[in-house]
Amino acid sequence: MNITRQSLLLLWGLTVTGAYLLTEYLGHTLEHGHAAVLWTWAGMMTMPLVASLLLGHRANALVWVWAGATVLAMVENFGVHIIEAKPLMHFSYHTLWFLFGAAGFAYTAAVVDGSARKKLYAGATLLNLLGAALLLVAPNLLKGYQYVALALVQGVPMLLDVPLRRRHEQQAAQ
């Protein structure tokens with residue numbers, strides 16, 4: 001399998017969207033599903049992380065920033081779960097992911113080529129900041145559909161970027 005940055009972007013988008021939707025499902029079906037959610041995310045994120053490693057020298061800094069940040073956020077979530085830090089759990093499992101997306105998409109908007117791609121990621125940044133602000137002000141406001149919202153504001157932008165990236169690369173080649 002030949003991994004390209006285009007296929008890697010698609011893989012990240014699909015796994016992030018899928019992981020958030022699975023998280024929503026597990027949250028509704030399991031009474032205490034934190035461990036199941038963490039292991040689901042670990043499994044889902046292993047796929048794009050391994051693909052990033054296989055991309056090797058063809059990966060740019062953006063790929064490594066997202067990969068590194070994902071690993072750090074997952075380690076933080078597992079740490080909070082292992083030590084049962086109840087005061088940090090809501091922040092770690094909810095608000096942190098909106099802030100993580102906001103920071104990652106802000107960086108992405110700054111470094112990607114193409115105005116349409118920059119606008120896509122700038123919009124995703126704002127939506128993630130809005131989600132984080134809502135959770136800080138009213139922690140239960142998004143209860144019941146938070147992970148669907150996260151799938152929409154984090155996974156979907158990467159999926160929408162797939163054709164935008166392709167179009168930008170075709171225009172740059174002409």
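Residue numbers run from 1 along each chain as its sequence is written, and side-chain values rest on heavy atoms, with hydrogens and water left out. Because the model is predicted, local features need pLDDT of at least 70 and side-chain atom pairs count only at pLDDT 80 or more, while totals for chains, interfaces and linings use all residues.

**The largest pocket**

Begin by selecting Gly27, His34, Tyr93, His94 and Tyr147, which are the closest to the centre of the largest pocket among the 28 residues that line it. The volume of this pocket is about 720 Å³. A pocket here is an open set of points on a 1 Å grid over the protein atoms alone, where a 1.4 Å probe fits and with protein on both sides within 12 Å along at least five of seven lines, and its lining residues have an atom within 4 Å of a point. Grid points are joined across faces, edges and corners, and the volume is the space filled by probe spheres set on the points.

Next, colour helix H1 (5-29), helix H2 (34-55), helix H3 (61-82), helix H4 (86-111) and helix H6 (146-173), each of which supplies at least two residues of this lining. Helices are DSSP runs of H or I with at least four residues, numbered from the N terminus. Which helix gives the most to the lining of the largest pocket? H1 does, with six residues. By class, the lining of the largest pocket holds 13 nonpolar, 12 polar and three charged residues, where Ala, Val, Leu, Ile, Met, Phe, Trp, Tyr, Cys and Pro count as nonpolar, Asp, Glu, Lys and Arg as charged, and the others, Gly among them, as polar.

Now select Leu9, Leu62, Val63, Arg117 and Arg165, which lie nearest the centre of the second largest pocket, out of the 30 residues that line it. This pocket contains about 520 Å³ of space. H1, H2, H3, H4, helix H5 (115-137) and H6 each supply at least two residues of its lining, and the lining divides into 18 nonpolar, six polar and six charged residues.

A salt bridge means a side-chain nitrogen of Lys or Arg within 4 Å of a carboxyl oxygen of Asp or Glu, and the structure holds two of them. Are Arg117 and Asp161 buried or exposed? Arg117 is buried, at a relative accessible area of 7%, and Asp161 is buried too, at 1%. Buried stands for under 20% relative accessible area, exposed for over 50%, and partly exposed for values in between (1.4 Å probe, protein chains only).

For the other salt bridge, select Arg165 together with Glu169, where the closest N and O atoms are 3.1 Å apart. Both residues lie in helix H6, four residues apart, about one turn of the helix. Arg165 counts as buried at 11% relative accessibility, whereas Glu169 is partly exposed at 39%.

**The nonpolar patch**

Switch to a surface view and select Phe91, Leu99, Leu126, Leu129, Leu136 and Val137, which make a nonpolar surface patch of about 580 Å². Such a patch is made of residues with over 30% relative accessible area and no salt bridge, its nonpolar side chains (Val, Leu, Ile, Met, Phe, Trp, Tyr) being joined within 5 Å. The areas come from the Shrake-Rupley method with a 1.4 Å probe, and for residues only the protein chains shown count as cover. H4 and H5 each supply at least two residues of the patch, and the largest share, four residues, comes from H5. Leu126 sits in helix H5 and is exposed, with a relative accessible area of 57%. Leu120 is also found in helix H5, but Leu120 is buried, at 17%.

**Last stop: Glu84**

Finish with Glu84, in the loop between H3 and H4. Its phi is near 50°, a positive value in a residue other than glycine. Most residues other than glycine have a negative phi. Glu84 counts as exposed, at 52% relative accessibility.

Definitions and conventions:
Patch = residues over 30% accessible without salt bridge, like charges linked within 9 Å, V, L, I, M, F, W, Y side chains within 5 Å.
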